[in-house]
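I opened my notebook to go through this structure one entry at a time. Here is what I looked up.

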Amino acid sequence: MLRRRRLDLDRASLLIVFLLLPFSLYAVMVLWPFVQAVSYSLTSWSGFSPDKPFIGLDNYTELLGDETFRTAVRNSLVLLVVLPIVTLGIAFAFAVLVTVGGPSAGGVRGVRGSAFYRVVSFFPYVIPAIVVGLVWAQAYDPNSGLLNGVLTNAGLDQFEAYAWLGEKRTAMAATIGVAVWGMVGFYMVLFIAAIQGIDREVLEAARLDGAGRVRISRSIVAPYLAGSVRAAYIYIGIFALDCFVYVQALNSTGGPDNSTLVITQQIYTTAFTKGDFGKACAMGVVLALLTFAFVGILQLVSRIRSRGTTPVTPMGGVR
Amino acid sequence: MSQTTMTRPAGETRRVPRRPAAGSGDRRAAVASHTVLSVWSLVVLVPLLWTVLQSFKTSAEIFESPFALPSRWSFDNYVSAWTTAGIGSYFLNTVIVVGCALFLTMLLGSMSAYALARFDFPGRAVVRQLILAGLTFPIFLAVVPLFFVLQGMGLLGTLPGLILTYTAFAYPFTVFFLIAYFEELPGEIAEAAAIDGASEWRTFFQIMLPMARPGMASVAILNFVGLWNQFLLPLVLNTDQTKWVLTQGMAAFASSAGYSVDFGALFAGAVMTIVPVLVVYVVFQRRLQGSVAQGSLK
């Protein structure tokens, strides 16, 4: 009897300290602000006045008619579609090359030097995104930038002083290019791990039946990785909608004619430059709804295809 | 590397035939693969090497001859970035904030993961769902009110405020990663410890935690990279310039873009911001890549 009581106290104290205390910190600093944001979005609070005038859905109707915000939403949706397709496409191709892209005869293996390619490709992921943005902003510089230097040295004189980030035609593509540069290695590593989960026997059996690298990639690797690719799409999609650092570092004002302006930049300036706090929260809610809709659709797709996945952020905890 | 053997296989009877002399199709495919992968490696490495190169030049040199080697290899830019541009103190702040937040995150995260993995109590499923929610919600939605939460606590623009925020935001990922780890540890050992009279606390700190060391190391490295590179939270919440972290210092370079910027110092600052994470990456490269794969695709 005594032992049980002691254990109960022991367990109770453990649960309080191990779970209740840390969870409270998390609730106050992460969960509570989410809830607050929703309620603030119904006010016209400037952020610094003592009262928070309730205005119902006015912020939302205003956002509907806000040309700039609509542009930002459109750009975010472009990111949501283009960034994953390009990044995951390249990452998938590279992952296949370094795992099963080796010779078509003999055991299934990657091209030589795979380890080197893998290590180098992952490099940009560990570099702070703001530095990635800054380095590329300099590399894109019309006059002293690396890119135009390389292009003009290759004989393409039309790029002598081309402003990649300053021209409406290329600003968004150049921005997406930087994000792709930063993310490919990460997803390549994910896909490599998934491919390595394929039973060796299956690969070798296919090889004995005469399957070359293309056939193996198409008929074994691709179907096997479908679930992983969908999961990866969820992570990178959340990232694309949440994307702030790259766009901010490359074009802090939203680019030529707002061509690279995204929702998060609008939230940031609306809240912290204009002090229109209620509206910024309404934008945040719109962003959250977009995220949920996106994740919901993808999860519906994966449920239909029967391989469920749980979204867990791959960004090392803090995005 | 053994795949250079050129012997022809005796026939198709071997389980894993050895590689025959590469056919011309094979060779073309190999050349194409290597070309693609090498080009990508160059695309990754050249901008970084260029950054290092620029960090040794004067601003005038950067504009006049952007691709030439520096006329004189000197660390002037590093000195001026470290002192004049404040990178030195930002560096120190970053080390303090990331160090403390990492310790707190690992301690609190592992404790919570252990409690959630090994104890049954009412509301457990709800807590798990709420922790998962923190991973899917857009961080931007939380950050705006968080400003006033911190202000209300008097922690806005202070290092402790930033440390607590980092900890709170790294908490859900850490817990989720480690729950799986603690669930896999054999329960018999904990039971044996309980029979021997060890308290629950002691069982955790002296038995279970040491056993989870590989998982802890993986999350710690991921969190280190994530926290070192964190930009949005300090930008919004760390408003006092003397408390700035490195990423904020770099952003200040960006926003003051124009001819007043000391470009040499900018590149030197970039190099100094990258080096610590790069060192961690090179040393823990295998574990980091492994934990990325393990923690993200369930």
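I began with a term: helices (H or I, at least four residues) and strands (E, at least two) are DSSP runs, numbered from the N terminus. By that rule, Val86(A) sits in helix H3 of chain A, which covers residues 67-100.

**Ground rules.** I am working with a predicted model, where local features need pLDDT of at least 70, side-chain atom pairs count only at pLDDT 80 or more, and totals for chains, interfaces and linings use all residues. Residues are numbered from 1 along each chain as its sequence is written, chains are lettered from A and ligands numbered from 1 in the order in which they are written, and side-chain values use heavy atoms, without hydrogens and water.

**Chain A overall.** I counted 12 helices and 0 strands in chain A. I noted that its C-alpha trace spans about 80 × 75 × 35 Å along the principal axes. I looked up burial next: of the 319 residues of chain A, 59% count as buried. Buried means under 20% relative accessible area, exposed over 50%, and partly exposed in between (1.4 Å probe, protein chains only).

**Val86(A) again.** Val86(A) counts as partly exposed because its relative accessibility is 33%.

**Between the chains.** How many residues of chain B are in contact with chain A? I found 115, and they meet 108 residues of chain A. Contact means heavy atoms within 4.5 Å. The area buried between the two chains is about 10,400 Å², and carbon and sulfur atoms give 77% of it. Buried area is the accessible area (1.4 Å probe) that two parts lose on being put together, summed over both.

I then looked for salt bridges (a side-chain nitrogen of Lys or Arg within 4 Å of a carboxyl oxygen of Asp or Glu). The count between chain B and chain A is 1. Arg11(A) and Glu200(B) meet in a salt bridge, at 3.4 Å from N to O.

**Chain B spans.** I checked residues 29-50 of chain B: the span is 100% helix, and its end C-alpha atoms lie 31 Å apart.
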